[in-house]
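Me: I would like to learn how to read a few features of a structure. Could we go through them one at a time?

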Amino acid sequence: MMQVHDFTWIFALGIVASFADAFGIGANDVANSFASSVSSGSLTLVQACIIAVFTEFLGAFLLGSNTSETIKGGILSVKVFAPQPELLMLGMLCAVAGSATWVIFASKKGMPVSTTHSIVGAVMGVGIAGFGGGAINWGYSGVAKIVTSWFISPVAAGIVTSIIYLPTKYFVLQHPNSLERGIKAIPIYFFITSLIGAFYIIYKGAPGTKAAKLQTGTIV
């Protein structure tokens with residue numbers, strides 16, 4: 001039977017692996033997010049990294065709870081590990097270590113891999129290795145929903161980008177007085193971005209609040 005301090009070493013190694021995974025995720029995600037800004041000269045590399053320190057932390061803190069819940073219990077059935085909780089600890093350690101290794105390696109090689117793919121695949125590997133395919137939640141409440149989002153995300157991002165880019169192109173960039181219009185457009189874009197960010201923070205439920213239980217109409 002598992003004793004409280006028998007597997008403290010797994011916890012300690014898990015912290016180290018988590019820091020390594022966070023380092024790799026930050027390197028990869030920041031490169032993806034700020035590549036266009038840095039390459040265009042809008043931001044220097046140092047400025048992008050300073051901004052990312054705050055945005056990465058606040059994004060994880062304010063909007064990361066639902067994703068954490070999915071990774072924690074939406075992919076594999078933790079009930080099968082109930083007789084051996086130490087096996088789940090070891091499995092999650094291996095998952096984080098595997099994800100960290102791959103993401104850091106890919107980032108070093110300049111490959112814009114998905115950090116989500118990496119940890120989801122690692123957790124699935126733990127379940128399959130431990131108890132076979134039956135331990136994985138293949139339905140839409142689990143893996144199927146995650147895979148669906150991988151196909152929807154590029155399409156949705158492309159549509160939103162087009163909606164933002166086309167008016168900017170025709171009403172700002174191609175206008176004879178484009179500089180003045182661009183300066184006037186900046187507060188509008190900041191307002192829209194802040195509004196969307198605030199909506200999702202409330203919609204997903206800010207930590208320590210009951211905001212996630214509010215109706216969408218109330219939030220709006």
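## Aromatic pairs, a helix and a core

Reply: Phe105, with a relative accessibility of 42%, counts as partly exposed. Keep in mind that this is a predicted model.

Me: Which ring does Phe105 pair with, and how is the pair described?

Reply: A pair of aromatic rings is described by the distance of the centres and the angle of the planes. Phe105 pairs with Trp102: the centres are 5.9 Å apart and the planes are at 35 degrees, so the pair is tilted. Planes count as stacked under 30 degrees and as edge-to-face over 60. Trp102 is partly exposed too, at 39% relative accessibility.

Me: Where do Trp102 and Phe105 lie in the chain?

Reply: An α-helix has 3.6 residues a turn, so residues three or four places apart point the same way. Trp102 and Phe105 are both in helix 4, 3 residues apart, which is about one turn of the helix.

Me: How many aromatic pairs does the whole structure have?

Reply: The search finds 2 aromatic pairs. Phe81 and Phe131 form an edge-to-face pair, with 4.9 Å from centre to centre and 90 degrees between the planes. This pair links distant parts of the chain, 50 residues apart: Phe81 sits in the loop between helix 3 (65-74) and helix 4 (85-108), and Phe131 belongs to helix 5 (residues 115-131).

Me: Is Phe81 buried or exposed?

Reply: Buried means under 20% relative accessible area. Phe81 has 3% relative accessibility and therefore counts as buried.

Me: Which residues of helix 5 are buried, and what covers them?

Reply: The buried residues are Thr115, Ser118, Ile119, Val120, Ala122, Val123, Met124, Val126 and Gly127. Their cover includes helix 1 (8-40), helix 3, helix 4 and helix 6 (143-173).

Me: Which residues have the most contacts inside the largest nonpolar core?

Reply: That core has 14 residues, and those with the most contacts inside it are Ile71, Ile75, Leu76, Val120, Val123 and Met124. Helix 5 and helix 6 each supply at least two of the core's residues. Helix 5 gives the largest share, 6 residues. Leaving aside neighbours within four places in sequence, Leu76 is in contact with Phe81, Val123, Val126, Gly127, Ala135, Ile136 and Asn137.

Me: Which residues does Asp21 contact?

Reply: Asp21 lies in helix 1 and counts as buried, at 8% relative accessibility. Beyond its neighbours within four places in sequence, Asp21 is in contact with Val96, Ser99, Ala100 and Ile119.

Me: How many disulfides does the structure hold?

Reply: A disulfide needs a pair of cysteine sulfur atoms within 2.5 Å. The structure holds 0 disulfides. Cys49 is partly exposed at 38% relative accessibility, and Cys94 is partly exposed at 46%.

Note on methods:
Residues numbered from 1 in each chain as written. Predicted model: local features only at pLDDT ≥ 70, side-chain atom pairs only at ≥ 80, totals over all residues. Heavy atoms only, no water. Phe/Tyr/Trp six-rings, centres within 6.5 Å; stacked < 30°, edge-to-face > 60°. Helix = DSSP H or I, 4+ residues; strand = E, 2+ residues; numbered from the N terminus. Buried < 20%, exposed > 50% of the residue type's maximum accessible area, 1.4 Å probe, protein only. Contact = heavy atoms within 4.5 Å. Core = buried A, V, L, I, M, F, W, Y, C linked by side-chain atoms within 4.5 Å.
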